[in-house]
Amino acid sequence: MSVLANKNTRVLVQGITGIQASFHVKRSMDNGTNVVAGTSPQFSEKEHLGVPVFATVQEVVKNMPIDASVLFVPARAVKQAVREAVEAKIKLIVSIAQGVPVHDMLEIKAMLNGSETLMIGPNTPGLITPDEARLGIFPENIHHKGNVGIISRASTLTYEGVIETNLAGLGQSTVIGLGDDMIVGTDYCPLLTHFMEDDETKAIVLIGKADNVYEQMAAEHYAAMTHKKPVIAFVAGETLTYSAPMGYAADIITHGLSSIQDKKKFMKQSGMIVVEQMSQIHTALAELKLL
Amino acid sequence: MNIHEYQAKQILAQYGISVPAGGIAYTPAEAKRVAQHISARGPWMLKAQIQAGARHSGHFIGNSATPKGGIRQVTQIRNLSYEAAQMLNNTLVTDQTGPKGRLVSKVYVEAFKQVKHLFYAGMIIDTSVPAVTLLISDVIDEDIMKIADISREKILRLPLAYDAPLSDEQIKTILDFLLLDKSYSDGFKDFLNKLRVTFINLDAQMIEINPVGVMRNKKLIALDSKINFDDNAMFRHPDILRMQDDYEEDPRTLKAQRCGFHYREFEGNIGCVVNGDGLALEAIDVIRSKGYSAACALNVKGGVDKDRIAAGIKIIMTNPRVEGVLINILGGFLRCNLIADGIITATQEVGMNVPMVVRLEGTNKEEAKAILNESKLPIVFADNTDEAIDKLIKQMEVND
C-alpha cells in the first residue's frame, strides 16, 4: 500500500511534449511509473515517449481510464489544464509549474470545491511513492521504499526530509509536496487522513512554513483524529517573517494569524512531535523505535 | 509589483472611481504651474511620490529645520514652489522606507477636497479563506496599524465572492459598521463594486484607499491610493508592467528579478544561493543558530538556464557585504550540473575572493561535482546544510 499513487496508477501527463516534461517523464517511466497517455494541444505526432498523445483531456478519457494527471504545462496555462482535468473527473492532479497567478488559484479553488478532484500543488516537486510512481520532479535517486510518509509545504526542504528519513534507516511510503505558493490545491488535512489509513505508513514527517494557517488546520485535524500515528513536525521561518507588500492591508490581514511560536505550540498540543531543526528529524524518528 | 500613487489614481479613474484633479511635477516651477492649472485657488495637496507608506509622518534628511513630511497642504500659491523644492531631490524617510529613505524625484499636486467623512478601505487576498477580502475602518492614516494590534474589532473584514458584486446585505453591514444611514447605499455600492472590478480585472494583490472621502452629495472619492499587483500575472497586463519605476527597486533585486529569481538582503555577511523558499528559510535559521547572519538569499528555484544562474550567482558574489558564499541546492527540476556550470561562469567573470561552500543533492549531483572538481576552484564541499554552514564559518574565520 501507499498513498494516492502506486505502480498501478494510470497516469496522464498534460503538456507531455515540453523539454522539461520529456526529461522528467522519461525518468519517471524508467522508475516504474505507469504513464499511459499525454496531452499537447499543438503536437502533430500521435505518440511521445512511447505513449499516445491527444489534444485534450476529454479525448484521453474517452479512450482510456485515467487515475491521476501530472501537469507540466506552464504557469499561465494551469487554470485551463485544471479545468479540463476536473471536468474529466480525474481524481488526482499534480501541478508542477511555479508562478501561477494568485487570482487563477482563487478560481481553481472554486472549481475544486465540490468536485471529485484532489489537487497537489502548484509549485511543488509533486508526489512520489518510491520505486512505484513518480508524479513530478522529485530526484528519485535519494528516495528509498520504506514506511515514513512525508507531507511538506516547502518544496526543496522536502528533499531534506527525505534524507532525514534515510538517515534514520526508514525510507518513505509516499512523499507529497503541497506546493510553495500562498494558496495551494490541498492542505495537509485530507493527506493526513490518507496516511493514517495506509498500512505501510508507520509515522509521518510534516514540514511547514511560517506563513498562512495550514499548520494550524493540520494540528486541529490531527488532534481530532481517533486513529493516530506519530507525526514529527518542523516549521521553517524562525528568523524571517513573511514579506508583505507595501501598505497596511497585508499587515492587518496577517495580524490575526498566529506567529511561528503559536504554530509550534498548537502542533505540540495536538500531540505532534515538534523539532526545532530539520537535522533533528532523524533522531526523533529513531526514538519512535519503528525498526 | 508596486506603482506610484498618481499611477494608481489614473487606473482608478479609468475604472470610473472619483479621484481629485491632479498632475505630476518634476520641478518646483512645474508644481506651481500644475497647481494653477488644477484650480485658480487653493488649498492644494502636495504629495511626494515614493513607493512606501507613512509619508505624512516621515521627514526629509537634512531638513530638520522644517520637520514636515511627504504630504503637505498648501493654501497660498506663492508657497507652492517653495514647499515642492523642499521635497524634490531630497530623501524622505518614513516608517516603511528604512533608515536610508527614498529619493523623491516627483511630486503629485492635487486639488484639496473638503469631505464630510473619511474612512479606510483595503482590498486584499486573505489566503486563509481564501478569498478577496474587503477591510473597512473609520480609523485612518497611520493609526490603522495601531488598532490592528490592540482593537481588531475596529476593522471590518468582509470576504467577497470572486464572481459577483457586493450584496445589498454586505453594503448594509459596511454602513452599519461606519454608523452611516442607508441614504449612503448607492454611493458605497458604486464605489466598492468599481474597486472590486479593478482588483479582479488587473490581478491586484492589494488595493488600499487610505482614506476614502465621503462628499456632501454622498458620493465617494479616493483621496489616496496604493495598488500592488501579482508579478506572476503581469504577462496579462503589459500596460501595467510599463508603469514599473526601476529607480524604486534596489539594483541587485532588480537584476535578480530580470533573471526570474527572488532575492532578499539582510544585515549579515553570508551570501546564500538556494533553490526554494523553504531552503532559504532553513539556511537563514541555521546560520542564525550558529551566531552569524545572512547577507542575502537568492532563490534560483525553477532555473533551467546556465547563463541566468551565473548572473544570479554574480549578484551574490558582487554584494559588498558578502564574506562567504553558501550554495545549497537540492535539485529536482533544477539540475545540479547547471549550478556547477553557473558557478564556473560567474567566477570566471567576477573572480572568487571569498570562501565558497557548496552542497549539492539530487538530480545530476555526481556530474556537477565532477565539473567543479575539474575547474580547480577552491570550493569546499559539504553533505548537508549544517555541515556546509559550519565549514563556511570556519573558512571565514580563517580569512579574518
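These legends go with a set of close-up views of a predicted model.

Residues count from 1 along each chain as written, with chains lettered from A and ligands numbered from 1 in written order. Local features need pLDDT of at least 70, side-chain atom pairs count only at pLDDT 80 or more, totals for chains, interfaces and linings use all residues, and side-chain values use heavy atoms, leaving out hydrogens and water.

**View 1. An edge-to-face pair in chain A, F138(A) with Y159(A).** Rings of Phe, Tyr and Trp (its six-membered ring) pair if their centres lie within 6.5 Å; planes under 30 degrees apart are stacked, over 60 edge-to-face, and the rest tilted. Three such pairs turn up over all chains. In this one the ring centres are 5.8 Å apart, with 65° between the planes. F138(A) comes from the loop between β9 (133-136) and β10 (145-152) of chain A, and Y159(A) from helix α5 (residues 155-167), 21 residues apart. Helices (H or I, at least four residues) and strands (E, at least two) are DSSP runs, numbered from the N terminus. Both F138(A) and Y159(A) are buried (buried is under 20% relative accessible area, exposed over 50%, partly exposed in between; 1.4 Å probe, protein chains only).

**View 2. Y6(B) meets Y108(B).** Here the centres are 6.2 Å apart and the planes sit at 35°, so this pair is tilted. Y6(B) belongs to helix α1 (residues 5-14) of chain B and Y108(B) to strand β7 (residues 107-111), so the contact ties together parts 102 residues apart in sequence. Y6(B) is buried at 12% relative accessible area, and Y108(B) is buried at 7%.

**View 3. A salt bridge between R55(B) and E5(B).** The rule asks for a side-chain nitrogen of Lys or Arg within 4 Å of a carboxyl oxygen of Asp or Glu; over all chains, 36 salt bridges pass it. This one spans 2.9 Å, N to O. R55(B) is buried at 6% relative accessibility, and E5(B) is buried at 5%. Both residues belong to a salt-bridge network that also takes in K9(B), K47(B), E110(B), D224(B) and K226(B).

**View 4. R335(B) over the ring of F23(A).** A charge sits over a ring if NZ of Lys or CZ of Arg is within 6 Å of the ring centre and within 35 degrees of the ring normal. The charged end of R335(B) is 3.6 Å from the ring centre of F23(A).
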